[in-house]
Amino acid sequence: MKLIIVSPEKVVYDGMAVSVAVPGTKGAFEILDNHAPIISSLQGGIITVRNDEGEQQFAIRSGFIEVARNEASICAEME
């Protein structure tokens, strides 16, 4: 899936991902290919992005995620 993570300051990640684990305000969850459309708020914690090169983690204070048509967009305040 296509993933973009942006903060107010810059684009943090822009590329492909196999999965994305996020700290939702109602509990952590994971986004995989062909996930159903969703919009959710995020709480402070770690976003874990897995792609063909391995795994990356990003610490956030809060944010939002939107998933539609195999594209995920995250707007977050970074730690």
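The paragraphs below walk through this predicted model, from the overall fold to its core, strand pairs and salt bridges. Residues are numbered from 1 along each chain as its sequence is written. Because this is a prediction, local features need pLDDT of at least 70 and side-chain atom pairs count only at pLDDT 80 or more, while totals for chains, interfaces and linings use all residues; side-chain values use heavy atoms, with hydrogens and water left out.

Let us start with the whole chain. It has 0 helices and 8 strands, where helices (H or I, at least four residues) and strands (E, at least two) are DSSP runs numbered from the N terminus. Along the sequence the pattern reads β-β-β-β-β-β-β-β. The radius of gyration is 11 Å, close to the 12 Å that the globule rule gives for 79 residues, so the chain is as compact as a globular protein of that length. Here the radius is taken over C-alpha atoms, and the rule is 2.2 Å times the number of residues to the power 0.38. Along the principal axes, the C-alpha atoms fill a box of roughly 25 × 25 × 20 Å.

How much of the chain is buried? Buried residues make up 37% of the 79 residues, with buried meaning under 20% relative accessible area, exposed over 50%, and partly exposed in between (1.4 Å probe, protein chains only). The chain exposes about 4700 Å², and carbon and sulfur atoms supply 51% of that area; accessible areas come from the Shrake-Rupley method with a 1.4 Å probe, and for residues only the protein chains shown count as cover. Among contacts (heavy atoms within 4.5 Å) between residues at least 6 apart in sequence, 40% join residues at least 24 apart.

Now step inside. In soluble globular proteins, nonpolar side chains tend to be buried together. The largest nonpolar core has 19 residues, of which Leu3, Ile5, Val20, Ile47, Val49 and Ile74 touch the most other members. Such a core is a set of buried Ala, Val, Leu, Ile, Met, Phe, Trp, Tyr and Cys residues joined through side-chain atoms within 4.5 Å. At least two residues of this core come from each of S1 (2-6), S3 (19-24), S6 (45-51), S7 (54-68) and S8 (71-78).

S8 has a covered face of Ala72, Ile74, Ala76 and Met78, and an uncovered one of Glu71, Ser73, Cys75 and Glu77. S8 pairs with S1 in the parallel sense over 5 bridges, and two strands count as paired if DSSP finds at least two bridges between them. In S8, Ser73 stands opposite Ile4. S7 and S8 run antiparallel and are joined by 8 bridges, with Ile60 opposite Met78 of S8. These two strands form a hairpin with 2 residues between them, and Arg69 in the turn has a positive phi of about 50 degrees.

Ser40 sits in S5 (residues 38-42) and is buried, at 15% relative accessible area. Its contacts beyond four places in sequence are Phe29, Gly63, Phe64 and Ile65. Ile46, in S6, is partly exposed at 41%. Counted the same way, Ile46 touches Ala21, Val22, Pro23, Gln57, Phe58 and Ala59.

Finally, turn to the charged side chains. The structure holds 5 salt bridges, each a side-chain nitrogen of Lys or Arg within 4 Å of a carboxyl oxygen of Asp or Glu. One of them joins Arg50 and Glu30 (3.4 Å, N to O). Arg50 lies in S6 and Glu30 in S4 (residues 27-32), so this pair ties together parts that are 20 residues apart in sequence. Glu55 also forms a salt bridge with Arg50, the closest N and O atoms being 3.1 Å apart. Another bridge links Glu77 and Arg61, at 3.0 Å between the closest N and O atoms. Glu77 is in S8 and Arg61 in S7, so that pair ties together parts 16 residues apart in sequence. Through shared partners, salt bridges join Glu30, Arg50 and Glu55 into one network.
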